[in-house]
Each structure stands twice: as structure tokens, then as C-alpha cells.
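Reader: Please take me through this protein, one point at a time.

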Amino acid sequence: MNSIIRQRLFQQIVSLAKISGRNYYIPRRALLYVPGDDPKKISKSFTLDADCIALDCEDGVAINRKENARETIRSFLDKGKPTLSRDYDLGVRINSLETPYWQEDLKACLTAKFLPDTILVPKIETDETVRLFSDELGKYIGTNQILNLIIYIESAKAFINLVDICKTTESLSKTGNFRPVCLVFGSDDFCANIGITRTEDANEVLYARQKLVLVAKAFHLQAIDMVYIKYKDLEGLKMQCQQGMRMGYTGKQVIHPGQVSVVQDAFLPSPSQIEWALGLLKSFEEHQKQGKGAFTYKGNMIDMPTMKQAENTAKLARLKTS
């Protein structure tokens, strides 16, 4: 398929995606970590066109700089979310709820003049941790305010309890102040937790990577893959992105600005995926005009999750043309 035809497909699918008026999906192909105590790096992050920027209070900040990070993040949030050429997700990664820092992290970002879009919570191991987070969140924001929640799975215990964690999160979100949107695989902490050595092909974490995707998709959540620590090896990064996308991952954690464009290009839909979504959305439009509800497409009965998948593809296609 040549570039002209592909461009036309992108444009057609974007226009067809508007038929339902719904907005299911905020892409998070690159989840970029920015040290919360570094104003220069935070300012630079807004020039990188990353889908998701996470101002970090956790691993990217030394213990004796935690308070500096809170103050810096708070000052940026007080100014409001910077307007860029397209929408993006602005989040804050707090410290683990097993540390003495997390409550002050949460207080700092939730009492700012403007709230972040998303709170990222690392090292969740049980559903009780989610309950604790939900209770604390409710102290600072009103019932009419909803934040996105990204959950990190980083230990053997977390994987054993993963389904219960997701069930509890889903249940609490129905009456709480947050919306679960994503699971993240914290591979480095996971490897340290179970005592394995990382290798280039990452076969030692294959089961964990696949389980996280499986559970994420069961609960209609995005799945963010592990960090590629060799930040100068862009070809290796691309290969690992492609591997993750084939598994079902929707994005990847990024630790260096040079990784952003490689990751985000790798997680764009293929021409065949675009054609599938184009045909499905067009068929949906035709059936709606005829007053028909359920319908089949290419021999498959179409339900709302399938429509959601097509619309997600459309939104990613729009990023390709922007």
C-alpha cells in the first residue's frame, strides 16, 4: 500500500470515527518519566510530543529531594496544563503506598490550582492498597471530579493478586473519584523481587508480560510494557516495541527523550488494521442509517467492545496524520 492510499485511509477512518460522538480512548503509546525535582526537564518534556508525561516523585527522585519534587510539581500544576498542538495525558507518579512519602505526594498535586489528568501508583500488591488510595483521594477532590488511575504491577505477589486488584479497582471506581485506565509492567522491580537476571531477549519475563496484557484486556485497560534501559540503542528499542505490540501492549515506558518518537511510531496501527477499522465503522454507519442494531462484519457478530477497538484505531490514525 503506497503512502498516498494510506494517507487517504487515515483521513477517511478519522471522519468515520466521529459518527458515534464517543471518546473512549486517550493514547498512551509513550509514557515518559520526568524527574519532578528538575524544572528544566519538565519544561523540555512539553516540547517532545509525548502521549503521556509522568512527573515523577518516585524512582526518578532521590530521597533527600522528595520535598523539592513536590514543590516543583505543585508549581507547574498551579500554572495549569500547558496547551500543545494536540491533547496529551499529564500525570504524577507518587511514591509507593508502602513508603512514608505517598500521602504528601498526593496532597501536593491534588491541592494545586489545577489537577493532573492522571495519578500513577507504583508497586500495588493487594486490593487493600487500592482501597487505601481511594480513601485518601476522596479527601482532596469533589465527587464531580474524576482522575485517571494507572496501576503498576511489580512483584510476584502483585501478579498473584492481579485479578482481585482489578476487580476492586473497577468496583471502587463506580462510586469513587477515579477511573482505572491502565496497567504498567514494572519489570526491573519484578526481576529483583523474584531474583532473576535480565537478558536481551527478555524471555525470563515472558509469562509476566503476557499475564499483564491478558488481565488488562479482560478489564478493558491499556497495557504499558517494560522500560528498555539501553536508551541509545534505538533499533533494539524498536524491536522490543514491536514484540510488545504483537503481545497486545498499547504502549511503553520511556526514560529518555530520544526514545519517544521511536516508541510512538512503533505503536501506530498497521495498514491492515486501518482497513479493518475503516470497513467496520462504515458498516456501522450504514446500519445506523437503516435503523438496525446488531450486525455482522466479515462473518463476525459485532458488539460494543469491537466498535471500541475500531474507534481506538481511528484515534491512533489521527495521530499519524497530525
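Author: First, a definition: Ala, Val, Leu, Ile, Met, Phe, Trp, Tyr, Cys and Pro count as nonpolar, Asp, Glu, Lys and Arg as charged, and the others, Gly among them, as polar. This is a predicted model, in which local features need pLDDT of at least 70, side-chain atom pairs count only at pLDDT 80 or more, and totals for chains, interfaces and linings use all residues. Residues are numbered from 1 along each chain as its sequence is written, and side-chain values use heavy atoms, without hydrogens and water.

Reader: How do the residues of the lining of the largest cavity divide into nonpolar, polar and charged?

Author: A cavity is a set of points on a 1 Å grid over the protein atoms alone where a 1.4 Å probe fits but cannot get out, and lining residues have an atom within 4 Å of a point. Here the lining consists of Phe46, Leu55, Phe76, Leu77, Gly80, Pro82 and Leu90. By class, the lining has six nonpolar, one polar and no charged.

Reader: What volume does the largest cavity have?

Author: Grid points are joined across faces, edges and corners, and a volume is the space filled by probe spheres set on the points. The structure holds one cavity of 30 Å³ or more. The volume of the largest cavity is about 40 Å³.

Reader: How much area do domain 1 and domain 2 bury between them?

Author: An automatic or database domain assignment sets the bounds, giving domain 1 (3-8 + 271-320) and domain 2 (30-267). Buried area is the accessible area (1.4 Å probe) that two parts lose on being put together, summed over both. Of the area between these domains, 56% is on carbon and sulfur atoms, and the total is about 320 Å².

Methods:
1 Å grid on protein atoms, 1.4 Å probe; cavity = no way out; pocket = protein on both sides within 12 Å on 5 of 7 lines; lining within 4 Å.
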